[in-house]
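Below are some notes for a colleague who is opening this entry for the first time. Please keep the sequence and the model in view while reading them.

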Amino acid sequence: MCSRCVIMKFGFILFLFAIIMSEDTLAHKLRLEHWMSDLPAQLKEVPLIYLAIPGSHDSMTYGITRSSTVAPDAEPILNRLYPFFRGTILRWTITQASDTWQQLLIGIRYFDLRLATKPDDDNFYFTHGLYGDEISTALTQVKEFTESHPGEVVILDCQHFYGFTREHHQKLMRYLLNLYGPRLVPRQIDLQAITLNSLNRLKMQVIVVYRNESVYATSEFWQPQMLPSPWPQQDTIDGLNTFLGNIRRHPGTGFVHQAVLTPTPTFIVLRWISSLREKCAIPVMNEVLPKLTEFAPGPPQPGNVTAPVNVVIGDFVDMNNALFPRTIIELNLKLLRNTEIVHHNHG
Ligand SMILES: *[C@@H]1O[C@H](CO)[C@@H](O)[C@H](O)[C@H]1NC(C)=O
Ligand SMILES: *[C@@H]1O[C@H](CO)[C@@H](O)[C@H](O)[C@H]1NC(C)=O
């Protein structure tokens with residue numbers, strides 16, 4: 001082989017090495033607390049629905065404690081079991097250990113909210129079979145976080161409502177409108193026009209998805225079809241991987257990949273002394289998260305059956321030094337290689 005060829009080959013290898021290194025150092029430069037502001041400039045021009053965004057499943061269950069009472073979304077049998085099996089039921093109900101502020105600090109930018117009313121009480125509560133906290137502390141933390149982190153955008157998904165009348169919806173919507181005011185990102189026909197840069201310019205930082213037809217009373221909130229979030233309803237790793245691998249996405253809307261196992265009653269009875277963390281969240285981290293690294297964000301590509309990711313949610317998102325949000329955020333760096341495609345498709 002001629003010496004020149006060897007040098008050229010060597011140069012080429014160095015070049016590849018430089019690309020790999022620069023991506024690697026970029027990944028290290030992303031601070032979880034500020035990851036959206038730290039993204040490379042090109043990615044701030046990518047539609048938000050084509051970025052990878054880590055979220056938490058049943059985000060507010062950290063507020064459920066031994067003194068929580070049974071909520072309207074519980075299976076009727078829970079009322080009878082709860083007094084006797086409080087500890088076990090808590091271990092299978094709580095899906096997050098970190099509170100809202102801590103979740104924001106480790107990069108979580110999507111919150112899955114289940115809301116309930118209490119009889120003879122004017123407040124709204126988070127719920128997951130058992131009542132969690134009253135909503136204002138957590139939602140005010142989101143407001144404070146956006147004030148102190150002007151480059152970050154947070155999605156609040158009002159996913160389920162229990163014990164809600166039309167008046168409750170009006171009251172909750174008024175509360176959210178007053179709390180976030182001009183920081184809200186109003187819904188619009190072309191979601192592809194919404195990028196981090198466009199939101200930064202308008203100082204808009206909070207997206208509220210409202211999954212009830214009351215959403216039509218205001219244009220400040222997003223409708224459910226703008227961010228489909230199908231429930232995998234799987235209790236095995238294989239079932240969940242198959243579900244996630246077969247997702248289809250429409251271009252022009254966001255999407256939530258739910259990377260979570262749902263234990264059935266039988267599943268729980270067979271693992272009574274364990275917990276959702278041990279039997280669902282840790283296996284997902286070990287066996288589903290590595291598969292998710294093969295996914296990429298970006299617009300759906302004709303001819304590619306694997307749907308790109310947008311929001312990806314998990315249980316116990318703080319585990320292993322926040323490995324889950326870290327992994328999802330780093331998927332965005334794959335777009336640096338593909339930004340041509342992204343711009344071409346939406347331009
Ligand atoms: C929306 O809320 C109203 C009032 O609580 C309720 O009657 C209706 O069924 C809800 N819609 C959906 C799709 O859940
Ligand atoms: C297909 O899309 C997925 C998800 O966006 C991506 O990870 C994968 O590399 C794509 N495959 C090809 C052959 O482009």
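Is Cys158 buried or exposed? Cys158 counts as buried because its relative accessibility is 3%, where buried means under 20% relative accessible area, exposed over 50% and partly exposed in between, with a 1.4 Å probe and protein chains only.

1. Basis of the notes. This is a predicted model, in which local features need pLDDT of at least 70 and side-chain atom pairs count only at pLDDT 80 or more, while totals for chains, interfaces and linings use all residues. Residues are numbered from 1 along each chain as its sequence is written, chains are lettered from A and ligands numbered from 1 in the order in which they are written, and side-chain values use heavy atoms, with hydrogens and water left out.

2. The structure holds zero disulfides, a disulfide being a pair of cysteine sulfur atoms within 2.5 Å.

3. Salt bridges. The structure holds six salt bridges, each defined as a side-chain nitrogen of Lys or Arg within 4 Å of a carboxyl oxygen of Asp or Glu. One of them joins the side chains of Asp38 and Arg31, at 2.9 Å from N to O. Asp38 is partly exposed at 22% relative accessibility, and Arg31 is partly exposed at 47%.

4. Glu152 and Arg109 form a salt bridge in which the closest N and O atoms are 3.0 Å apart. Glu152 sits in the loop between helix H6 (136-148) and strand S5 (154-162), and Arg109 in the loop between helix H5 (100-105) and strand S2 (110-117), so the pair ties together parts that are 43 residues apart in sequence. Here helices (H or I, at least four residues) and strands (E, at least two) are DSSP runs, numbered from the N terminus. Glu152 is buried, with a relative accessible area of 0%, and Arg109 is buried with a value of 0%.

5. Arg114 and Asp112 meet through their side chains in a salt bridge of 2.9 Å, N to O. Arg114 counts as buried at 14% relative accessibility, and Asp112 is buried at 2%. Salt bridges with shared partners join Asp58, Asp112 and Arg114 into one network.

6. Ligand 1. Around ligand 1 are Phe164, Thr165, Arg166, His169, Asn212 and Glu213, each with a heavy atom within 4 Å of the ligand. A polar side-chain atom of Glu213 is 2.9 Å from a nitrogen atom of ligand 1. Taken alone, ligand 1 exposes 360 Å², of which the protein buries 49%; accessible areas come from the Shrake-Rupley method with a 1.4 Å probe.

7. Ligand 2. The residues around ligand 2 are Glu294, Phe295, Ala296, Asn304, Thr306 and Pro308. A backbone N or O atom of Glu294 lies 2.8 Å from an oxygen atom of ligand 2. Ligand 2 exposes 360 Å² when taken alone, and the protein buries 50% of that.

Note on methods. A polar contact is a pair of N or O atoms within 3.5 Å; within protein, one must be able to donate a hydrogen and the other to accept it, and residues adjacent in sequence count only if both atoms are side-chain atoms.
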